[in-house]
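Here is a short briefing on a two-chain model.

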Number of protein chains: 2
Amino acid sequence: MRVAASQLSRQVEEILRAWGMSAEHARITAARLHHADIRGIDSHGVALLTLYSQLRAEGRINFQPAVRVLRDSPVTALIDADHALGQVPSTQAMQLAIDKCGQSGLAAVAVRNSNHFGAAGAYALMAAEAGLVGLAFTSVWNLSIVPTFGADPMFGTNPIAFAAPGKRHRVFHLDMATSTVAIGKLRLAELHGRPIEPGWALDAAGQVTTDPGIALESRRLTPLGGTRQLGSHKGYGLAAMVEILCTMLAGAWYAATREARHPDEQHVNIGHFFLAIDPKSFRAAGEFEQDLDDMIDALHGCRRADPGQPVLVAGDPEAQAMEERGSLGIPVPEALLAQLRSIAAECRAAWQLG
Amino acid sequence: MRVAASQLSRQVEEILRAWGMSAEHARITAARLHHADIRGIDSHGVALLTLYSQLRAEGRINFQPAVRVLRDSPVTALIDADHALGQVPSTQAMQLAIDKCGQSGLAAVAVRNSNHFGAAGAYALMAAEAGLVGLAFTSVWNLSIVPTFGADPMFGTNPIAFAAPGKRHRVFHLDMATSTVAIGKLRLAELHGRPIEPGWALDAAGQVTTDPGIALESRRLTPLGGTRQLGSHKGYGLAAMVEILCTMLAGAWYAATREARHPDEQHVNIGHFFLAIDPKSFRAAGEFEQDLDDMIDALHGCRRADPGQPVLVAGDPEAQAMEERGSLGIPVPEALLAQLRSIAAECRAAWQLG
């Protein structure tokens with residue numbers, strides 16, 4: 001079943017309002033989920049409502065938060081999300097970074113006391129759409145990435161998003177977890193009864209496994225690189241860098257020690273970090289965008305290893321999905337539709353999807 | 001043969017001065033090479049003089065540069081390196097970022113018209129030693145990283161360095177190429193007659209090779225991740241991000257199109273990008289460092305996959321090498337010693353190494 005993007009967003013807003021969100025907050029949150037759905041990033045779109053419903057049941061989300069700016073300077077700010085879902089405080093944070101960057105040429109905003117914020121790429125893109133280079137990072141409360149030589153997970157999938165505006169071309173748009181793969185890839189392999197690649201995941205003893213069932217049970221992902229031989233210490237280093245920017249700089253809680261240090265807290269207090277850079281701080285107007293276009297052209301023109309597979313640039317698969325889904329609608333699998341229906345029924349939200 | 005670090009630095013300074021550098025510039029450049037030698041990063045220490053000697057012979061380096069600040073704001077600056085070796089303009093650039101960050105809490109400085117700057121980690125560390133979070137990036141003029149699905153290299157090894165200060169612990173210190181491995185690892189495998197890991201390098205057609213001879217001949221490295229299945233599109237995305245920060249933002253030349261666009265130029269015009277973030281923009285004094293210490297402790301305490309191999313934190317191997325080399329001196333292999341002797345003889349630099 002395919003659903004028009006606007007119809008799906010209305011359904012999301014209905015549910016979020018039924019959960020107690022203001023109309024304005026529901027609209028912003030739905031827009032951030034739509035960012036992922038329209039680009040084919042199915043794990044970070046409307047499917048997140050099943051996760052959010054669970055977090056709501058556990059009392060971990062404040063749906064009527066008083067998001068506050070705790071510290072403020074011409075180029076930096078610190079925002080307290082008051083245990084909101086991450087989309088609203090993160091949208092405010094990146095908008096604040098964009099505004100400050102418009103004045104100063106560079107800005108960074110950190111967020112604490114937050115929750116899951118959806119796709120990191122949505123926030124980096126906000127900056128690029130304002131003509132700036134944008135970076136977005138988040139810590140994650142549930143552990144999955146195991147350090148090189150380790151047996152237990154010590155980080156979430158700690159993503160890095162980066163976006164930069166072109167002129168002829170759309171933006172360069174990178175949005176990547178610092179794990180080798182996402183948990184979703186393990187589920188897909190199990191569903192199809194296929195082994196997983198050695199280097200994707202580990203068993204409970206920290207050893208490489210190719211069995212998706214064992215990998216899902218142990219919930220242990222490798223850092224980008226997969227194995228020590230292929231550079232997993234680099235992915236591990238990047239995951240730690242993201243944690244430092246989002247947790248230590250923002251004053252959030254480090255997920256690996258949270259339960260020991262805050263045993264009675266139902267909140268997770270994850271952090272985010274946003275950076276905006278104005279190309280005009282360094283280049284004359286238009287030069288940066290022109291040079292970025294040229295790089296994108298050169299990459300698209302790169303000689304191919306397989307004549308049938310063109311070389312892609314970060315954001316290309318998402319742009320293609322956006323074109324298709326914009327005209328045909330968002331595919332919503334039966335199982336997800338049933339979950340959404342049950343979520344809507346439980347909170348008495350109006351049902352919009354037929 | 002082992003040489004005391006100070007003695008090795010004196011030899012480096014003698015050669016650089018014989019090449020026409022001022023005493024001050026030679027001292028700074030030698031200090032940046034020493035950073036790598038003392039930490040066991042042998043590829044980026046005194047061994048670089050063989051590369052620099054070659055670049056000098058090709059007329060690509062200006063040893064008496066007029067490094068200038070082209071653009072300047074309270075939080076950003078753009079530096080023209082005047083075709084200097086990268087160490088002096090990069091040291092100035094990071095120092096400028098540190099000074100601005102001390103005033104404003106955040107600063108970014110870009111450099112254009114530069115050359116090889118040694119180890120990226122040296123500049124990130126400057127910020128951490130000033131109590132700041134530091135990031136350093138550089139583009140690279142000789143191509144090696146092949147995009148996912150591509151057959152030709154489109155980026156250099158485009159490194160990312162990140163450093164953050166702890167309190168009890170030394171700094172967290174990440175310095176990584178965005179390729180899976182460095183060219184040096186291919187040379188080592190060839191030397192030992194061992195095959196290389198599948199996923200390290202490609203042949204001239206862009207196909208995976210395990211033959212180090214073929215890999216060295218084709219000079220085609222994979223992006224971090226190694227293969228599409230193990231996430232090489234992420235390493236490729238990071239390499240492109242580094243290129244955008246260093247080349248497009250700084251107004252340097254993109255290496256993959258340089259020869260076509262600037263066929264008569266002997267200079268390579270690579271760029272660097274430096275960022276400094278003051279933790280006190282977001283946290284009370286000491287809180288950041290305390291939280292970082294806690295994370296480092298937790299990582300060191302992570303359960304091990306192999307009882308004999310502790311979990312390391314970025315910078316640990318370098319700290320260990322620093323301890324050993326600080327007391328025993330820097331090992332200088334015979335072949336390198338012979339090269340240095342010949343370089344010194346050629347430019348009539350005093351010979352300091354016995």
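Through which surface do the copies meet? They meet through the same surface, because 99% of the interface residues of chain A are also interface residues in chain B. This is a predicted model: local features need pLDDT of at least 70, side-chain atom pairs count only at pLDDT 80 or more, and totals for chains, interfaces and linings use all residues. Residues are numbered from 1 along each chain as its sequence is written, while chains are lettered from A and ligands numbered from 1 in the order in which they are written.

**Symmetry**
- Chain A superposes on chain B by a rotation of 180° with 0.0 Å of shift along the axis, at RMSD 0.0 Å (least squares on C-alpha atoms of residues with pLDDT of at least 70 in both copies).
- That is the relation of a two-fold axis.
- G225(A) is the residue of chain A that comes closest to the rotation axis, at 2.2 Å (C-alpha).

**Interface**
- In chain A, 71 residues are in contact with 70 residues of chain B (C-beta atoms, placed from the backbone, within 7 Å).
- Helix 10 of chain A supplies the largest share of the side that touches chain B, 8 residues (helices are DSSP runs of H or I, at least four residues; strands are runs of E, at least two; both are numbered from the N terminus).

**Sheet in chain B**
- An open sheet of 7 strands runs in the order 2-3-4-10-5-6-7, with mixed pairing (a pair needs at least two DSSP bridges).
- Its edge strands are strand 2 (68–72) and strand 7 (172–176) of chain B.
- Strand 5 (residues 133–138) and strand 10 (residues 270–277) of chain B run antiparallel, joined by 6 bridges.
- L135(B) has L275(B) as its bridge partner in strand 10 of chain B.

Conventions
Contact = placed C-beta atoms within 7 Å.
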